[in-house]
Amino acid sequence: MKKTGHILAEININPMKRIHILFLILFFSLPAYSQNSEKVSFHFTEASGLTLVGKIMDDTPNPYHRVDTSRYKGFTAAENRQVRCPAGLAVLFRTNSSVISVKTDFGWEYKALNTMPVSYRGYDLYIRKDGEWLWAASGATKPEKSEDNLVLVKNMDREEKECLLYLPIYSEVLSVKIGVEEGAEIEAMESPFRYRVAIFGSSYTHGISTSRAGMSYPMQLMRKTGIQFLSLGCSGNCKMQPYFADVLVDVRADAFVFDTFSNPDAEMIRERLFPFIEKIQAAHPGIPLIFQQTIYREGRNFNRKTDEFERKKRETSEELMKEAVKRYPDVYFIRPDASNPEHETSVDGIHPGDYGYTLWMRSIEKPLLKILKKYGIRPER
């Protein structure tokens, strides 16, 4: 500082201007010093080399795809994109780093008005504390800066931490690299999530209108129970199609849960339900097939056309499932609820927000666990 003052003293300017210039030099040099002192050198590990959980098909060429679209045919262009998204996938690892970041090589990227970018193209980090998964950080890069190193959390202690990192729900990723500071350790950890419970469902199961990637009801249920849920949520496209049934036939699962009455109309439900059950059951005898009623959509409150459409769907589902649970062994029907008494959990009249998905999870937890218990599937705690 004396040196700077000495230089200014030799410049032929008046004392007041000299003080002003000195102040500006000091002011702008402070942030630079602060930034330099916080710079971190990272080393990166490909997430697929750690422990992936929530993955419904094990053998996809791209480890972050849910279905191998070169093997299973019949998908529409939209469905093809959706099953290549890592919705419901998460990475488990241990690290003693004080900072955790992520770099992404995206394939195609989704854009939405009713879902936060942190959910559809971002990351959601949990760290285990006292045996529970505690939220730690979430974030997303801007589209024009997709490949930037996204720092999720920093200034942590250097004790070993068990981490659960959810991947983007609705954008394709080709590579996900997890960054820790140079000299820190990062390694795969054994999954604490037991069993394999597959869920095929609509945008609700996909997680549309969530604020971050770990907030869909299957993911909340997974953290709560310790049971591994494998999501095949496909927004707008869960209609019991035969080619989706072909995928589910090949899924290795201890149980199946379905959110299959949200997308099709009443006539399609009547036409497809029993053949769908029979095809899945033939491939998985003795495995529970648990169907969920579609939730009440707040968009029907004043729209008479929507109200009539939704009423027919729900009535048809109730009628057919009443018959199905009698006709087929190991078939069950449960009724979720994603609303509160004030009916204020909706984001867009169709999808609930985070709190609505929490209510959904809570509403099915007991009936679902009661059914799973019959088949030896019990929560971790």
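Serine 171 sits in strand E9 of this predicted model. With a relative accessibility of 0%, serine 171 falls well into the buried class, because anything under 20% counts as buried.

Strand E9 covers residues 171-181 and pairs with E4 in the antiparallel sense, over 8 bridges. One spot to look for is isoleucine 100, which stands opposite valine 180 in E9. Strand E4, residues 100-109, also pairs with strand E7, residues 150-153, and this pairing is antiparallel too, with 3 bridges. As a general point, strands of a sheet are held in pairs through backbone hydrogen bonds, in either a parallel or an antiparallel arrangement.

Put together, these strands belong to an open sheet of 4 strands, in the order E1-E9-E4-E7, with antiparallel pairing. Strand E1 (42-46) and E7 are at the edges and have a single partner strand each, so one side of each is left without a neighbour in the sheet. On average, neighbouring strands of this sheet are turned by 35° against each other, if direction is ignored.

Then there is the nonpolar part of the model. In soluble globular proteins, nonpolar side chains tend to be buried together. The largest nonpolar core here has 43 residues, and Leu164, Tyr217, Phe229, Ile290, Trp360, Leu368 and Leu372 are the ones with the most contacts inside it. Several elements each supply at least two residues of this core, among them strand E3 (90-95), strand E8 (161-166), helix H6 (217-225) and helix H10 (354-374). The largest share, 8 residues, comes from H10.

Leaving aside neighbours within four places in sequence, tyrosine 217 is in contact with Tyr357, Trp360, Met361 and Ile364, among others. Its contacts also include Ile199, Tyr204, Thr205, Asp259 and Gln292. Apart from this core lies another one, of 38 residues, including Cys234, Phe256, Phe261 and Leu273.

Conventions
Residues are numbered from 1 along each chain as its sequence is written. This is a predicted model: local features need pLDDT of at least 70, side-chain atom pairs count only at pLDDT 80 or more; totals for chains, interfaces and linings use all residues. Side-chain values use heavy atoms; hydrogens and water are left out. Two strands pair if DSSP finds at least two bridges between them. A nonpolar core is a set of buried Ala, Val, Leu, Ile, Met, Phe, Trp, Tyr and Cys residues joined through side-chain atoms within 4.5 Å. Buried means under 20% relative accessible area, exposed over 50%, partly exposed in between (1.4 Å probe, protein chains only). Contact means heavy atoms within 4.5 Å. Axes are lines fitted to C-alpha atoms, for helices over the stretch in contact, and angles run from 0 to 180 degrees between N-to-C directions.
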